[in-house]
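Hi,

Here is the structure I said I'd pass on. Have a look at it first, then read my notes below.

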Amino acid sequence: MSADAGKREAARSALQFVEEGSIIGVGTGSTVNHFIDLLASEGPRIKAAVSSSEASTERLEGHGIEVMELNASGDLDLYVDGADESNRLLQLIKGGGGALTREKIIAGASRRFVCIADRSKLVRALGEFPLPVEVIPMARSFVARQLKELGGIPNWRENFITDNGNQIIDVSGLTIAEPIKLEDTINAIPGVVTVGLFARRGADVLLLGGEDGVERID
Ligand code: 5RP
């Protein structure tokens with residue numbers, strides 16, 4: 001089975017969490033794109049979605065699904081999003097698609113975060129995938145130096161601007177033995193908007209699509 005087929009099966013499995021007439025949070029990425037398409041074609045009819053990116057908004061609206069501002073929706077019962085890596089504690093690295101800030105906001109505002117991914121995203125220890133950090137543009141070099149002091153190798157994601165008008169530094173070479181501690185440390189660097197470590201607020205359910213079907217980890 002291809003990784004993409006695994007993503008699609010995980011996305012299909014997430015439909016069971018969607019309640020008819022509800023407002024749900026929707027993440028960003030290729031796995032979520034499957035979720036949006038499947039929601040439109042075979043899922044329950046929702047009232048509206050709160051979207052984590054311009055790309056997902058466009059896709060949702062293309063299917064005729066109303067997109068609502070988080071300021072208008074209030075807290076949500078469900079958020080569905082993908083991940084770049086997850087450990088067995090459901091702590092995640094996210095932001096490969098650059099939507100980490102809005103994703104973290106919606107995850108924080110949601111009572112249940114269902115993460116969908118193909119099997120390859122489950123890792124023993126986080127950190128093989130370069131950790132995305134969204135930064136205020138004027139702070140980029142300063143933040144990069146701070147990240148070097150933490151033992152990372154910062155790499156500016158050139159020619160990429162987030163939906164919030166900021167830049168991304170992808171950090172490789174970090175040993176992420178204590179994800180919550182590292183999340184707090186990086187968040188505290190002036191100029192950092194969001195670090196793509198979702199450890200304080202990880203997922204509640206992980207659905208992993210692979211050869212043997214969809215594995216659920218709670
Ligand atoms: C976007 C994300 C995505 O969830 C993550 O990059 C996974 O993407 P994909 O579903 O394409 O593998 O965090 O900012």
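Ile217 counts as buried because its relative accessible area is 9%, and the cut-off for buried is under 20%. Keep in mind that this is a predicted model. You'll find Ile217 in strand β13, which covers residues 213-217. Which residues is Ile217 in contact with, leaving aside its neighbours within four places in sequence? They are Arg88, Leu90, Leu122, Asp204, Val205, Leu206 and Leu208. Take Leu90 from that list: it sits 127 residues away from Ile217 along the chain, yet their C-alpha atoms are separated by 8.1 Å.

Next, have a look at Arg140, in helix α6 (residues 140-149). Arg140 is buried too, yet it has no salt bridge. The nearest side chain of opposite charge belongs to Glu158, 7.5 Å away, and a salt bridge needs the charged atoms within 4 Å. What Arg140 does have is a polar contact, side chain to side chain, with Gln167 at 2.8 Å. Not counting residues up to four places away in sequence, Arg140 touches Gln167 along with Val135, Trp156 and Ile169.

Then there's the ligand. It has 17 residues around it, and Ser30, Thr31, Asp84, Gly95 and Lys121 come nearest. An N or O atom in the side chain of Asp84 is 2.7 Å from a ligand oxygen. For the side chain of Lys7, that kind of distance is 3.0 Å. Thr28 uses a backbone N or O atom instead, 3.1 Å from an oxygen atom of the ligand. On its own the ligand has 380 Å² of accessible area, and the protein covers 91% of that.

Cheers

Methods
Residues are numbered from 1 along each chain as its sequence is written. This is a predicted model: local features need pLDDT of at least 70, side-chain atom pairs count only at pLDDT 80 or more; totals for chains, interfaces and linings use all residues. Side-chain values use heavy atoms; hydrogens and water are left out. Helices (H or I, at least four residues) and strands (E, at least two) are DSSP runs, numbered from the N terminus. Buried means under 20% relative accessible area, exposed over 50%, partly exposed in between (1.4 Å probe, protein chains only). Lys and Arg count as positive and Asp and Glu as negative; His and the chain ends are not counted. A polar contact is a pair of N or O atoms within 3.5 Å; within protein, one must be able to donate a hydrogen and the other to accept it, and residues adjacent in sequence count only if both atoms are side-chain atoms. Contact means heavy atoms within 4.5 Å. A residue is near a molecule or strand if one of its heavy atoms lies within 4 Å of it. Accessible areas come from the Shrake-Rupley method with a 1.4 Å probe; for residues, only the protein chains shown count as cover.
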